[in-house]
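Dear colleague,

Please find the structure below.

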Amino acid sequence: MASLMIVFYKNYLYSNSDIQRHINTIFSLIAWVLPVSLHLLPVFFCHLNARAAASDVTVLSTIHIAIVCAGYNASRDVVTLVKSVLFHRRNPLHFHFITDSIARKILADLFHTWMVPAVHVNFYDADELKVCVSWIPNKHYSGIYGLMKLVLTKTLPSDLQKVIVLDTDITFATDIAELWVVFHKFKGQQVLGLVENQSDWYLGNLWKNHRPWPALGRGFNTGVILLLLDRLRKLKWEQMWRLTAERELMSMLSTSLADQDIFNAVIKQNPFLVHQLPCFWNVQLSDHTRSEKCYKDVSDLKVIHWNSPKKLRVKNKHVEFFRNLYLTFLEYDGNLLRRELFGCPSETDHNSENLQKTLSELDEDDPCYEFRRERFTVHRTHVYFLHYEYEPALDNTDVTLVAQLSMDRLQMLEAICKHWEGPISLALYLSDAEAQQFLRYAQGSEVLMSRSNVGYHIVYKEGQFYPVNLLRNVAMGQVNTPYMFLSDIDFLPMYGLYEYLRKSVVQLDMGNTKKALVVPAFETLRYRLSFPKSKAELLSQLDMGTLFTFRYHVWTKGHAPTDFAKWRTATTPYRVQWEADFEPYVMVRRESPEYDRRFVGFGWNKVAHIMELDAQEYEFVVLPNAYMIHMPHAPSFDITKFRSNKQYRACLKTLKEEFQQNMSRRYGFAALKYMTVDNNS
């Protein structure tokens, strides 16, 4: 819907008088003609006015933005800020992120897979900067990272002359170029652009014994800062703020608002340094704020700052409007922001250039074109969407359960967490809006919130196929244990499987041999199952018809080599040979080969991987006291397409043949047996 709205108003973008004359008409017409979600209307209205106001801003200049970001939550929150900036921007952007190792990994992967034109990203190690500010006691919830804006003059490149500094809880309602052009208004020795603080904090006496740091009047809020870096360096900014902080800490003992207290103390002594920005450049939504004085109309809004610890639950007369504006970007499809900047040449991105070259070589008239294209699609990926904390056991036996899922399988997460106490790596295929639904679901679950050893990695939806093997590869790529158990989200592992697999690592000398340990798979057609607590119970349910060997009635070949008859009485692990279409669930080393991305949706996605393991001379060893059970669910959309679409099946057959030929080329004579696999399977 948002994309439709963008298209709708493009005809008005380059005629400012028309925009001003027709804004109300357009607003009313859209609300009347289209079933627009209410929270999209504010951003649409603001965007039209921003285009009119930014008409004089130079389009070709690169705008530099600095953001301090640390940890899992801040890495998630900053994405909404970035989306709001990208949505309105017409200029090339250069983001400078001061991050800890966690945020760097998350954001580096995100921007690498986002592939937004005319956007550059640099990272600076916040851990190296801690020594510069760790001597300052700070009571603010931002911790030591809340002080790092003080050291930007020495952190950012020495040839960078100016930068806009933003907190992660900012939302833009206009083109950031409008703020960039304010640098031209600095006069004399002005080096800091700030908005006055909109609360009474620095006036003091908010409660008994309330004693804030010194400030000029109401003081200034540092959620949005314009820094003239070259002038600050000449003024010896580093020495200036240090001396001020040392002096004030003798009586104040600690900061309450982190860097903001020190900035204000410096300005109190040197008021000539500050250029006061209009307050609409930092509308502060804290309790008891005076922010309502910053705007009379929607068109007045520029930047919204959720600077209360309560965030979206803050008390404000217009909070519903602000919340809807924020939610617009929170759930906005980030793929739509990959648009080119017209009339704005940017440096060549070699990754993007190579991708376009590869795609251009595909034959669009090929009936299987969409399948082939999916293999090269770069899906925006946000690893570690939630907090993750796990250190593998020191005995080198630790194992991570790996699986992938979409929104319709969320209900399996709690059950899997109850069955598997070890680390888990999950890739979730979601839209931006679904990612927020998942977040609410996870945060509302006591079971999920009690686990810090589950890594949730969001792969954002794009294209018409479910990229099952890409998802598996993403989840595998985040495993930090020596071994991984390659499962599917519809299976519940037996209780105690985690410890059993770890013991098997030692017993079967996994560290010195190439083995794939097979966990026999069963299934039930009952939604309510008394889960067997032992092999004896499982065999009893198997005999009673409560359980079945997995897919025995529709795809016997997939698990037949496991030899379930032998497994019934086996007490020791036994080796089995690879056979055509074998697709067991296995535990392997973390370094095992990835899944082949050409297989999407339903069909041959696991078969090809097991074939690859066999080609690399892995031994398949069945564990005698391990099992997993597939739980019933409605057929997936992809299996329905496979069953009903003749062309789908024909393309899968073609892809299988090509994979077999590739195997033959890569592994030579040893792979000839794969060429004889029945292509009708």
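A residue is called buried if its relative accessible area is under 20%, exposed if it is over 50%, and partly exposed in between, using a 1.4 Å probe and protein chains only. By that rule Leu 253 is exposed, with a relative accessible area of 61%. Leu 253 lies in the loop between α10 (237-252) and α11 (259-269), and has a positive phi of about 75° although it is not a glycine. Asn 396, likewise not a glycine, has a positive phi of about 60°. Asn 396 sits in the loop between β11 and β12 and counts as exposed at 52% relative accessibility.

Please note that this is a predicted model, in which local features need pLDDT of at least 70 and side-chain atom pairs count only at pLDDT 80 or more, while totals for chains, interfaces and linings use all residues. Residues are numbered from 1 along each chain as its sequence is written, and side-chain values use heavy atoms, with hydrogens and water left out. Helices (H or I, at least four residues) and strands (E, at least two) are DSSP runs, numbered from the N terminus.

Next, the sheet. Nine strands form an open sheet with mixed pairing, in the order β11-β14-β13-β12-β15-β21-β17-β22-β20. Two strands pair if DSSP finds at least two bridges between them. The edge strands, β11 (381-382) and β20 (574-576), each pair on one side only. Strands β15 (residues 483-486) and β21 (residues 585-589) run antiparallel and are joined by four bridges; Phe 485 has Met 587 in β21 as its bridge partner.

Helix α18 (residues 468-477) packs on this sheet, touching β11, β12 (399-406), β13 (424-430), β14 (454-460) and β15. Contact means heavy atoms within 4.5 Å. Nine of the 10 residues of α18 are buried, so the helix is largely enclosed by the rest of the structure. Among the elements that cover these buried residues is α22 (605-615).

Finally, α22 packs against helix α24 (residues 646-667) at an angle of about 15°, with the axes 12 Å apart. Axes are lines fitted to C-alpha atoms, for helices over the stretch in contact, and angles run from 0 to 180 degrees between N-to-C directions. α22 is therefore roughly parallel to α24, a term for angles under 35 degrees. In this contact, Ala 608, Met 611, Glu 612 and Ala 615 of α22 meet Phe 659, Met 663, Arg 666 and Tyr 667 of α24.

Yours sincerely

Technical notes: Angles under 35 degrees count as roughly parallel, over 145 as roughly antiparallel, 65 to 115 as roughly perpendicular and the rest as oblique.
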